[in-house]
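Welcome, and please open your viewer. We will take a few stops together, selecting one piece at a time.

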Amino acid sequence: MANYNEISSNQVGSNIRGSYGGLPVAEKNQSYFVYFNGAGGTGPEIIGQTAFFCSYLIDEVGNISIPNQNAISRLNVIQNFEVGKKVDTKMEQPTTQFTELNGTNVITGVGTITNILFTETGSSPGAYTSSLEFQQGGGSAIEGDIDNYIFSAEKSTEQNVDTIVGGNYYETSSFENVLISNNNFASTFDSYSFDNPANTIDGGTTVRFQTTLKIRNYNQADLNAEIGVNIYDMDTFVVFDSVDFTLNAPYGGYNPYVEQSVTLLTPYQNFTNNQNIAVRIIVNNTNAGFGSSDIRIGEGSTFRLLQRYSTTNIIASSPYWEIGDYSQNPTIITASAILSGLYNGGYRQSQSFDADLEDGFNFNPIRTNFDQILIGDRIRFEYNEDKRFNISEVLPGGGPNGRLCLKLDGQVPGGTELNHFLLYRLTDDAAYVIVDVEKDIAGSTGGGIMIPPFISKELEKNFDNILADLKDKNILQNNLSFNDQTT
């Protein structure tokens with residue numbers, strides 16, 4: 001029986017040789033192994049698995065690098081320790097401890113678990129919170145209260161650009177659906193008015209406005225008209241941000257319109273009493289064939305205010321998700337209006353569930369904003385790994401009324417409690433290699449090595465010498481020997 005605490009090139013070779021003593025040529029290409037200095041459970045984020053901390057990456061001639069401090073080293077960890085592939089793990093601890101971690105396991109992830117949003121407070125079906133608190137990313141270091149100006153709104157219906165002023169078409173965009181309410185925003189007047197609080201100087205902060213307009217051309221010819229979009233003061237006509245562009249015709253007459261999204265973002269600044277800020281589109285009509293309903297502002301366009309400093313928590317209440325979008329695609333989930341309004345706004349889930357958490361249910365703190373969900377991020381429902389999905393596409397404004405949609409790599413089963421969820425990612429830092437075995441004993445594991453099952457001839461030849469050198473450098477401990485012993 002092999003002693004897993006004693007490692008040599010013969011033992012490594014026994015794991016990788018084919019039935020005729022050779023190696024499959026296509027597989028014999030991995031020239032690195034990892035030294036880890038500890039391992040720990042991955043719960044409650046990932047159930048029943050273990051993460052090994054990658055201290056050093058060692059190549060086939062013994063060069064040493066630190067994966068999370070070196071971009072090339074990170075890439076080499078990701079390429080040599082692929083998700084879904086097997087890896088051989090050898091622990092330095094005595095065989096009576098952590099034996100479940102020794103041997104061959106399957107890699108399920110590479111990187112650091114980074115939480116984005118979660119409602120889970122325990123493993124039972126009803127163990128989740130029905131309200132989430134958000135604050136400006138990281139909170140504010142300012143003491144005392146700061147006035148709240150935050151709002152977010154979106155268009156729920158298409159709007160014609162047909163008000164004629166001086167031979168051109170003007171339209172102030174309406175935003176009928178308020179996602180994050182504030183008394184300063186009156187959707188009936190299409191503008192944000194600095195009335196109460198009176199101004200941002202007294203309010204102790206600066207603010208910026210952001211809009212994304214979906215501009216549509218229904219004319220079947222290219223428009224020579226110059227189109228301008230402004231964020232402006234309705235009373236003084238001062239423009240805070242603008243962009244000019246032209247629109248092509250719908251392709252081949254088969255589509256009713258062609259759409260272009262335009263995003264504007266003002267600098268952070270102070271605003272004063274009674275300023276009324278709105279979004280305007282101007283069409284300089286130089287095309288004789290242009291009609292009053294040819295240019296329209298599409299539903300799902302958005303307008304919101306972002307605040308530099310805030311002590312106000314924004315509350316998002318359940319329901320948080322629903323299955324489907326316009327097409328009722330069962331592999332797509334659509335965020336609630338409030339989550340959609342918060343997305344990409346610099347907000348971060350802020351509350352602690354410590355008092356309500358099930359024993360042993362200790363999530364990593366949230367240190368990232370609810371911004372830029374990435375392809376490959378993961379969402380799990382009901383604390384059930386069978387209901388964990390990878391995100392294959394992110395569709396901001398892709399759902400009904402411009403809401404955030406996430407396309408998943410599978411279909412969420414009917415009857416799933418969508419309010420009981422965890423959204424997280426594995427940050428691409430190669431700091432951890434995660435495998436499909438559970439660490440079932442508490443305490444420090446000590447170090448060890450992780451070896452791909454198919455390694456290069458050069459690494460196989462130099463393996464014993466490399467281990468000896470690591471021992472001389474006090475990277476490997478004395479209880480890890482280099483003789484292949486069997487009993």
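Start at helix H5, where a kink of about 55° is centred on Phe 463. The bend at a residue is the angle between axes fitted to the seven residues ending there and the seven starting there. Helices (H or I, at least four residues) and strands (E, at least two) are DSSP runs, numbered from the N terminus.

A word on the model: it is predicted, so local features need pLDDT of at least 70 and side-chain atom pairs count only at pLDDT 80 or more, while totals for chains, interfaces and linings use all residues. Residues are numbered from 1 along each chain as its sequence is written, and side-chain values use heavy atoms, with hydrogens and water left out.

Now select all of H5, residues 457-472. Its 16 residues reach 24 Å from first C-alpha to last, close to the 22 Å expected at 1.5 Å a residue (1.5 Å times one less than the number of residues). Colour the buried residues, among them Leu 459, Phe 463 and Ile 466; buried means under 20% relative accessible area, exposed over 50%, partly exposed in between (1.4 Å probe, protein chains only). After H5 comes Asn 474, with a positive phi near 65°.

Next, select strand E31, residues 448-451. Gly 448 and Met 450 are buried on one side, Ile 449 and Ile 451 on the other.
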